[in-house]
Amino acid sequence: LSYLIGFSEWAMRFPAALSGVLTVIATYLLGKEFYNRRTGLFSGVIGMAAFQFLFQSRIAELDVVLTLLMLLSLGLFYRGSRSGNRNYYLGMYFPMAAGMLVKGMLAVALPSFAIFLFLLFKKELTKIRQIRPIWGMIVLVVLGLPWYIVEYLRHGQPFLDFALGFLFLARFQGVVAGHPGPWYYYFPALLLGFAPWSQFLPFSLWLALKNWRNDPELLMLSFALPALIVFSIAKTKIPNYILPLYPYLAIMVGNLWDQFLLSPRKYFRGMAIS
């Protein structure tokens, strides 16, 4: 990128800014795919204006890029499961492979585990063959692995210690770069980072849990809850680690708003009961 537009602060921030815009669009499209156009619009606006997301989209870091790639992976999986077109399943591996280059194996592990949980709770594990896992492995190996091989050949063990140790395993085994935190660290982090929409999170999560048997809710919960648990277990804690949850939280709140507009009395009664 620096060869095309020069080396500058603007060039360093551009990938995150572009990914932020694309994530908002993808959130709108997925909210529309899950529910309807109004929910999609709500979801895009909510995600776009969340404090942590807005902040991360303006700085020279790759967390928004990872968020976009994970969102695309699960979005393509959902589209494939709804349409029966297996090409969408093949397509979901390309964002995973790109995510490997951006942030490592976590970009593959979290969406893959969410898909596994989704099929498990739907009692459809036999459909794993339909998502073309062999072709998926080929895509990951061909697109995601060569850079790791080249860097290992150039730098040897120090590269593995950095890429797999410092950047991944070390963050679960101990505190890296002076960023400790208690197990409940991400609960207040979400309240601050998802502002000004944080007050809608409890009821929107309750609504998603209540309707967990529906495909949209089940897929969102299958990603968001395990990811939150994984990052809470890690010894190193930074607010931007949970940024990939934000699009799904935005869709949950967007669905809450849409349902409220359809039947406000029902949700006032539900809030009073809960």
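Student: Which residues in helix 7 meet residues in helix 8?

Tutor: Met96, Gly99 and Met100 in helix 7 meet Ala107, Val108, Pro111, Ser112 and Ile115 in helix 8, where contact means heavy atoms within 4.5 Å. This is a predicted model, in which local features need pLDDT of at least 70, side-chain atom pairs count only at pLDDT 80 or more, and totals for chains, interfaces and linings use all residues. Residues are numbered from 1 along each chain as its sequence is written, and side-chain values use heavy atoms, with hydrogens and water left out.

Student: At what angle do helix 7 and helix 8 pack?

Tutor: Helix 7 (residues 93-103) and helix 8 (residues 106-121) pack at about 145°, with their axes 7 Å apart. The axes are lines fitted to C-alpha atoms, for helices over the stretch in contact, and angles run from 0 to 180 degrees between N-to-C directions. The helices are DSSP runs (H or I, at least four residues), numbered from the N terminus.

Student: How many aromatic pairs are there, and why is the pair of phenylalanine 42 and tryptophan 257 called edge-to-face?

Tutor: The count comes to 18 aromatic pairs. Rings of Phe, Tyr and Trp (its six-membered ring) pair if their centres lie within 6.5 Å; planes under 30 degrees apart count as stacked, over 60 as edge-to-face and the rest as tilted. The centres of phenylalanine 42 and tryptophan 257 are 5.4 Å apart and their planes are at 75°, so the pair is edge-to-face. It links distant parts of the chain, with phenylalanine 42 in helix 3 (residues 37-49) and tryptophan 257 in helix 15 (residues 246-262), 215 residues apart. Ring pairs also link Phe42, Trp197, Phe200 and Trp257 into a cluster.

Student: Why does phenylalanine 42 count as partly exposed?

Tutor: Buried means under 20% relative accessible area, exposed over 50%, and partly exposed in between (1.4 Å probe, protein chains only). Phenylalanine 42 has 21% relative accessibility and therefore counts as partly exposed. Tryptophan 257, at 21%, is likewise partly exposed.

Student: Why is aspartate 258 called buried?

Tutor: Aspartate 258 has 2% relative accessibility, so this residue counts as buried. Aspartate 258 lies in helix 15 and touches Asn36, Arg38, Thr39 and Phe42, not counting residues up to four places away in sequence.

Student: Why is phenylalanine 51 called partly exposed?

Tutor: The relative accessible area of phenylalanine 51 is 49%, so this residue is partly exposed. Phenylalanine 51 is in helix 4 (residues 51-56). Beyond residues up to four places away in sequence, phenylalanine 51 touches Leu192, Gly193 and Ala195. Phenylalanine 51 and leucine 190 are 139 residues apart in sequence and 9.9 Å apart in space, C-alpha to C-alpha.

Notes:
Helix = DSSP H or I, 4+ residues; strand = E, 2+ residues; numbered from the N terminus.
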